[in-house]
Structures are given as C-alpha cells and as structure tokens.
Amino acid sequence: MGTTLAEKVWEAHVVRRADGEPDLLYIDLHLVHEVTSPQAFDALRDAGRPVRRPDLTLATEDHNVPTVDVDKPIADPVSAAQVEALRLNCAEFGVPIYSLGSIDQGIVHVVGPQLGLTQPGMTVVCGDSHTSTHGAFGALAFGIGTSEVEHVLATQTLPLKPFKTMAITVDGPLPAGVTAKDLILAVIARIGTGGGQGYVLEYRGEGVRNLSMEGRMTLCNMSIEAGARAGMVAPDDITFDYVEGRTHAPHGAEWDAAVAYWRTLRTDDDATFDAEVVIKASELSPFVTWGTNPGQGVPLSAVVPSPDDAADEVERVSIERALEYMGLTPGTPMRDVAIDTVFLGSCTNGRIEDLRVAADILRGQQVADNVRMLVVPGSARVRLQAESEGLDRVFLGAGAEWRGAGCSMCLGMNPDKLTPGERSASTSNRNFEGRQGPGGRTHLVSPQVAAATAVLGHLGSPSDLPTNVS
Amino acid sequence: MDAFVTHTGTAAPLRRSNVDTDQIIPAEYLKRITRHGFEDGLFKAWRNDPEFVLNQADYAGASVLVAGPDFGTGSSREHAVWALQDYGFMAVISSRFADIFRGNSGKAGLLTALVDQETVEQLWLMIEADPTTLVTVDLESQTVAAGDLVAPFDVDPYVRWRLLQGLDDIGITLQSESDISTFEASRPAFAPTTLT
C-alpha cells in the first residue's frame, strides 16, 4: 500500500526505531528566537553540552523587537536583556544569528523560506507553534517547547511518536476575492480548534494547487490553530520556482538531484489518510472571526452567532464568554462591527504579496479618521522590496504607519499593543483574550479585508468600498 | 527530573474549555530568561477577578487542576507548564489536551491525565461540593481516584515510563550517538546549512 507525503518525510528521517519507544527523528533545520531559547541554552551550559550542529541552526530576533526606532537600543530593559541573552548564547555556542539591523532579520518563519533554507522533504522545528508555516514546501515542520529546543540543540534529533494524517481537500478553484486566509479560517471553523489534534494535515486539491507559495505558507501557518502539529502541501513546480536561486538553495548538479528527489514527495494514489475533510471551494467567501479562539469564525456576510446555536453545554458557555469578552451582541451583522485598529503583518500575512494586495486596495483611498493602521513587513527584506515597489508611499499616503520588521502586534510582547477595549481587524493568527494586549479585542481577517476595513472603519471587503477616486 | 509515581492533593475546578497558553501565561512574562518563578503570571488576566477559582480560599493549596476540554491550545510556550508547576500544580486532568502542551508537560514532569469528559464532570461536582476532597493521580496504575470514584486515565506509555523513572530525555538520546552519526553521514549533499 502507498504512503502519504507526511509518512515519506518521516521515514526518511528515522535515526533509530525500537519497539515500545518513540522513533528518533533527525532534524534538518532548527530555527531559534529569543523567547523560547534562553532556558535551553542555560541547561546546555549547566550540563557542559555543546550545540551538535550549529550549521543546521539559525537564530533571529523577532518577538520582542520594536518596529520603530530599530536603530536605537531596545527601550524595554527586560526585552533588551532577552535579546542580548540570545546574542550572547549564539556567540558562545557558534550559532549564526540575524540581529535587529541585519538585512536578513525578521520573523523566523518569513526568514527561513526567504533565504531558501526551507526546502521540500526537510524536517524543520522551532520553539514556536507557527513553525507549521514551513510545511508549505512539503517539509515536515512543527513547533516544539523549550525542553525540546534543548534536546535538538544537544542532539539534532527528537524522540517522537508518529502523527496521524488528515487530508484537507479543497475541491475546485477559490472564488475571486477568496484568499488562503479565508480558506484556513473556514477550515478551522469547520473542524474546530481541537479537530487536528494528533494529526499532520495535508492540504490538497485544486484550490490549494493554485495557491502561490506565500498563500500556501498562510494556509500551513494556521494549521496549529486547528490543533494540528503540522500542515503540508506537496511540492510542485510552484515550489521549485520559489526555492531556485535563493541564498541557500542547491546549485548545478545538486539542484538537479534535489528536484529529482523532491518530485517523489507526494502522497501515493493508493495511500490512505486516517481522516479526510473535503471543502467545496465554491462555497467559500471572505471569512472573519467573531470570538476568542480561531475556530469562532463566520463568513463576513453572516451575523454574530448566539449561545442558542451551540451544540452542547460546553460550547454554549464558550460562546457566552466570548461574546462578553468581545462586547458583541448575537445577530449583529459582522459588517456592522466598528474597528479602531488594523494590523497588517505577522508570520501569517506579513509577506510581499500580502502587502501588495493591501496596497492595491488602499491606493487612492484614506484610512478612516478614527482608525489607526499598522503595516509591519515580516522581514527587513520584505520591507526593502515593498519600498522598491513604492508600497510604503501608498500606505503612508493612505494614512497608515509603515514599520520595521518583527512580530509586532500579533502577540503583545513588544511596544505594539492594543489598549483595553480596543478592537482590531488583524491579519495575524490568534484572537485569544488579551493576545494583542490586555483587554484588546481581535478579529482575524485576510489582508484584503484588513485594507478595506481600514478605509471603512468597520469590517468589510474590497467590494464594499466606494469606487476608487484616483 | 524528579520521578513521578503518585500524587494526592486537593483539586481546583477550572470550568472552561479551550484554555489557550496565552491565558495560562501571557506573553509579557515570556521575556524572562530564567526557568523558575512564573507562578505570578499563571492565569494572569483571570486572577484579577475575585470570583476566579484560584482566588477562592477554598482552593488555596490545590495541586491538581481539573480543566475543560482542549486545555493548552495555541502557543508552544513551555512557560505555561512551568507556571502551573511553579504555582504548585503536580497534575492536570482534562478530556482533551493540545499536542504541544502535552508534550511539554511530559518533558518538564507535569502529569497530564487524559480522562473522559464524564469523569471531569464528576470530579468538578465532587470538588465543588467539598473542596477538601483529596484527589489521587496514580501513574503506576494509571488511575484517578477521589471519594468513591476510580477512573482510568490515558498517558503515552513511553512518557509514563520516563516519568516513573525520572529520566533525562537527552541522556537517553545520547546513548544513540553512533546511530545519529551514521544517519548524518548518509544525508544528501544538497541538504542546506545555515552558514554562509
């Protein structure tokens, strides 16, 4: 019987297998950031252990860094100390690092693919749940905790129990105006925040095959929000075209050997998945969240749900709590929800294509008077690329703020935060209570909806905008 | 790591589902570079509410947390496990745990006992009726016991073995050093390195 893509990548990395024990899996790429690594480096130091493969390890600074005044010392002393600890640890253990100010600095999940370090068939880990992003290349990529970070630093391996596999098949092409973000929000609403637990999701079908690499990264990025360890898309010519020529991509004969291998990385026709979900692309439309977990989403054209809609008591309590926290009334059209902050950025939607589509919508428009819009490129190189295309001038001309690269308002760990009661339309990945700042309220949206919402002052899509005046 | 064989203590009922790790410990606390002292950040936003279960005197000193389904979703932050441990919890009981949280717990020595939702509901009723009820989580027999209730719980057999022995995962893996070296020698030439 055939095997799935996830199983093929897994099998190619088994270092040791024994009855009654987890497989010992080799890790091809270990990405590191300042938040989840200091205790791991400390433990290595205490045990007198080196980093086994600093040449398969890469650090970048993203969670704590400010996105303004990036040429000045970090003002928050606690954040500054954590970033400094990463720099010292990398220097001591020989790990390459892209620090604030480097042209290659940025969000860890934007930097890896951009450098060509993320390639099909690899195992990629990082002390960060959005490591699932890299699965867009047909890599097996998943987030780990600090104890596992230490384990990988010391051994370049992880003991793991095989995951189950789930096919998410998107039948038909995505309708116009529907993005990878809308698709993944719809998937999570369908299977729930726990629906993917124990699974690697493989996204398949026409609606996925047609996506660009950046769209596939958005899709895989939020696999964790469905509870899955990883999401994958089988590599194809779109993948190879994206990787070719990047700094760390193979060259010459090695490129040919790599592509020949990568072409074998697909689920066999006679393979079976442990679970299958089919999404009809034609039924999709722009999707937004109303609640406090990413599964609490509805089409933009729908209304705020009611606790009476709940399937059981646990869900009813969950809806009630979410409505209270979000300050929403059941039955309110989502388009009537007024917004005061728009955040365009993050490892989900902070890439050049995201900035381009948002700029296209904002060209000749103005951000509404009572709205502030932050545009935060996912990496320093994305920022430079955007500036070379004049996108910064579009954003600034529309009244948005143009920032330096980092995680920014995705997670309330740096100066970019919501204040209590503020309501955002955010292209990030989590609408948890307080995620963007204590008391802040988050609606997850696509870059298109974010840009239109900034102009309208309430949730909306580009089709809601008055005709472009320019 | 200390071995975990069995634990008996009072328990706190957390009647919430989808408790994500941002709720268990907000990002602000993740700036610390130390391994201990995260108890002040545990459930930070909710602890501002006097009615929150951990603010009730009846549940002071609870060392077992009985939580709703999908506990520990979201961010991979192991700080969530450390905060629960630093606060004094030895075990969490739930009918569904998020994968990364559960893995982190196993590494750090916090027992996550997976039971059916009916057992969670029974435990909630018991510990709400009498907060002094002692709950025993026994890893040897894989059972949760309180009053007349004895229910089996699920735990990964390998994690169970490691916790019972109190073994260091890295130490175990390094016994396979020659296997790792052999594997490394067979990796394809096109596999990238991070050095330039």
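Me: How many bridges join strand β6 of chain B to strand β7 of chain B, and do the two run parallel or antiparallel?
Reply: Strands of a sheet pair through backbone hydrogen bonds, either parallel or antiparallel. In this predicted model, four bridges join β6 (residues 143-146) of chain B to β7 (residues 149-152) of chain B, and the two run antiparallel. Two strands are taken to pair if DSSP finds at least two bridges between them, and strands (E, at least two residues) and helices (H or I, at least four residues) are DSSP runs numbered from the N terminus. The bridge partner of B:V144 in β7(B) is B:A151, and the two strands form a hairpin with two residues between them, where B:G147 in the turn has a positive phi of about 55 degrees.

Me: What conventions stand behind the numbering and the confidence limits?
Reply: Residues are numbered from 1 along each chain as its sequence is written, while chains are lettered from A and ligands numbered from 1 in the order in which they are written. Because the model is predicted, local features need pLDDT of at least 70 and side-chain atom pairs count only at pLDDT 80 or more, whereas totals for chains, interfaces and linings use all residues.

Me: What is the strand order in the open sheet of four strands in chain A?
Reply: In chain A the order is β11-β10-β9-β12, with parallel pairing. The edge strands, each pairing on one side only, are β11 (230-232) and β12 (275-280) of chain A, and the twist averages 20 degrees from one strand to the next. Six bridges join β9 (residues 164-171) of chain A to β12(A), and A:D171 stands opposite A:K280 in β12(A). Helix α6 (residues 180-191) of chain A lies across β9 and β12 of chain A, running at about 130 degrees to β12(A).

Me: How should I read the packing of helices α2 and α3 of chain B?
Reply: Two packed helices are described by the angle between their axes and the distance between the axes. Axes are lines fitted to C-alpha atoms, for helices over the stretch in contact, and angles run from 0 to 180 degrees between N-to-C directions. Helix α2 (residues 79-87) of chain B and helix α3 (residues 99-108) of chain B pack at an angle of about 55 degrees, with their axes 9 Å apart, which makes α2(B) oblique to α3(B); angles under 35 degrees count as roughly parallel, over 145 as roughly antiparallel, 65 to 115 as roughly perpendicular and the rest as oblique. The crossing is right-handed, that is, the near helix is turned clockwise from the far one by less than a right angle. The contact (C-beta atoms, placed from the backbone, within 7 Å) is made by B:A80, B:V81, B:W82 and B:Q85 of α2(B) and B:F101, B:N104, B:S105 and B:A108 of α3(B).

Me: At what angle do helices α13 and α15 of chain A cross?
Reply: The axes of α13 (residues 352-362) of chain A and α15 (residues 391-398) of chain A cross at roughly 45 degrees and come within 9 Å, and the two helices are therefore oblique to each other. α13(A) passes α15(A) in a left-handed crossing, where A:L355, A:R356, A:A359 and A:L362 in α13(A) meet A:L391, A:V394, A:F395 and A:A398 in α15(A).

Me: How many residues does each chain give to the contact between chain A and chain B?
Reply: Chain A gives 67 residues and chain B gives 49 residues. On the side of chain A that touches chain B, the largest share, seven residues, comes from helix α5 (residues 146-155) of chain A.

Definitions and conventions: Two residues are in contact if their C-beta atoms, placed from the backbone, lie within 7 Å.
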